[in-house]
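Hi,

Here is the structure I promised to pass on.

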Amino acid sequence: MWKRALDRAGIKEPRLRRDYTEQRHAVRKFATAEYAAARLLLPAALVPHVMAAVAFMHDTDDRIDRGTPDERAAALTQWGGLVRKAFAESDSGLPVLRCLVRTAERHPDVRGYVEEFLQGCEREVTWRTIADEDELEQYVREYSLPALMLTACLLAPADAGARAVFTGGCHRLIRAMQRFDFLEDLSEDVRAGRPGVPADAVARHGADLTRPGAALGRLVAEQADLAGIDLTAAAACLTDVVEPSYRPFIQALIGVQRLRLDAVRRAGASVATRSSGPPAPAAALLLLRQTAARARRTR
């Protein structure tokens, strides 16, 4: 099945086939549900390019997520130089960049989002707290949205009007995802001195982010409600404008995010001491349902 996907994506060279296979293995390790959704629900010709884009995003995040702010900024400068050199030379010594360059050759929109993403990483390596909703929006617009669009642009409609709606839906989706990312990882982020929940909301509720309590429970519920509004709006936008062959994937992706949001709601104030995430059986059942629905539509 994977060899067929590489064939349909036009990836014929043995070295590149090995490179894309390496990215596939990497994505499967750190994004299991999303990996399964892509493999099961997207057209085969698109899957290797999705793997390349997601693997690049994760590799970048991993490189700039360790050390002091100065060390992270230096890592970003070095990495950005390697990425731009790979595009200039249409080659690289790194498999992840060789795949990225080929994917951008086949899907030119990727190149622009790579640059936006790298610029957004400058914000990612320097922020310590998020003051309010305006600052959260800036973080999402500058960093989170370009990160999502690395992959999402592969599914974007060709019509300009539909594309604008699609991008707006992606914005709502990633804002929701970023909001409950910050809730899921709250205990870890607080230990690192980088809590992502807006500070003005924390102060308004009088919440202590280090231990469970009623005030923290109210804060989590408020942030979850805001994420839910965005998630519902994103679902309405995206499923209406993407090509029919992409809809099962979009529906599954949003469904997994709903499971994540539900898990955050159930966790409530306990996010102060432990991370949360969607139950694996529920995610698997969701994918099976979407796969069965896709099969029925293609008969």
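The aromatic pairs come to 7, counting rings of Phe, Tyr and Trp (its six-membered ring) with centres within 6.5 Å. Bear in mind that this is a predicted model, in which local features need pLDDT of at least 70 and side-chain atom pairs count only at pLDDT 80 or more, while totals for chains, interfaces and linings use all residues. Residues are numbered from 1 along each chain as its sequence is written, and side-chain values use heavy atoms, with hydrogens and water left out.

As you know, a pair of aromatic rings is described by the distance of the centres and the angle of the planes. Planes under 30 degrees apart count as stacked, over 60 as edge-to-face and the rest as tilted. Trp-127 and Tyr-139 have ring centres 5.6 Å apart and planes at 70°, so this pair is edge-to-face. It joins distant parts of the chain, 12 residues apart: Trp-127 is in the loop between helix H7 (109-124) and helix H8 (133-152), and Tyr-139 is in helix H8. Helices here are DSSP runs (H or I, at least four residues), numbered from the N terminus. Both Trp-127 and Tyr-139 are buried, where buried means under 20% relative accessible area, exposed over 50%, and partly exposed in between (1.4 Å probe, protein chains only).

Tyr-139 also pairs with Phe-182, this time tilted, at 5.9 Å centre to centre and 50° between the planes. That link spans 43 residues, from helix H8 to Phe-182 in helix H9 (residues 160-184). Tyr-139 counts as buried because its relative accessibility is 4%, and Phe-182 is buried too, at 6%. Ring pairs tie Phe-56, Trp-79, Phe-117, Trp-127, Tyr-139, Tyr-143 and Phe-182 into a cluster.

One more ring to look at: the charged end of Arg-111 sits over Phe-87, 4.1 Å from the ring centre. The rule for that is CZ of Arg or NZ of Lys within 6 Å of the ring centre and within 35 degrees of the ring normal.

On the cysteines, the structure holds 0 disulfides (cysteine sulfur atoms within 2.5 Å). For Cys-153, the nearest cysteine sulfur belongs to Cys-170 and is 9.4 Å away. Cys-153 counts as buried at 7% relative accessibility. For Cys-170, the nearest cysteine sulfur is that of Cys-237, 9.3 Å away, and Cys-170 is buried at 2%.

Ser-90 has a phi near 55°, a positive value in a residue other than glycine. Ser-90 lies in the loop between helix H5 (69-89) and helix H6 (95-106) and is partly exposed, with a relative accessible area of 46%.

Leu-226 is in helix H12 (residues 214-241) and is partly exposed, at 32%. Leaving out residues up to four places away in sequence, Leu-226 touches Glu-133 and Arg-179 (heavy atoms within 4.5 Å). Its C-alpha atom is 40 Å from that of Leu-94, 132 residues away along the chain.

Cheers

Definitions and conventions:
Helices (H or I, at least four residues) and strands (E, at least two) are DSSP runs, numbered from the N terminus.
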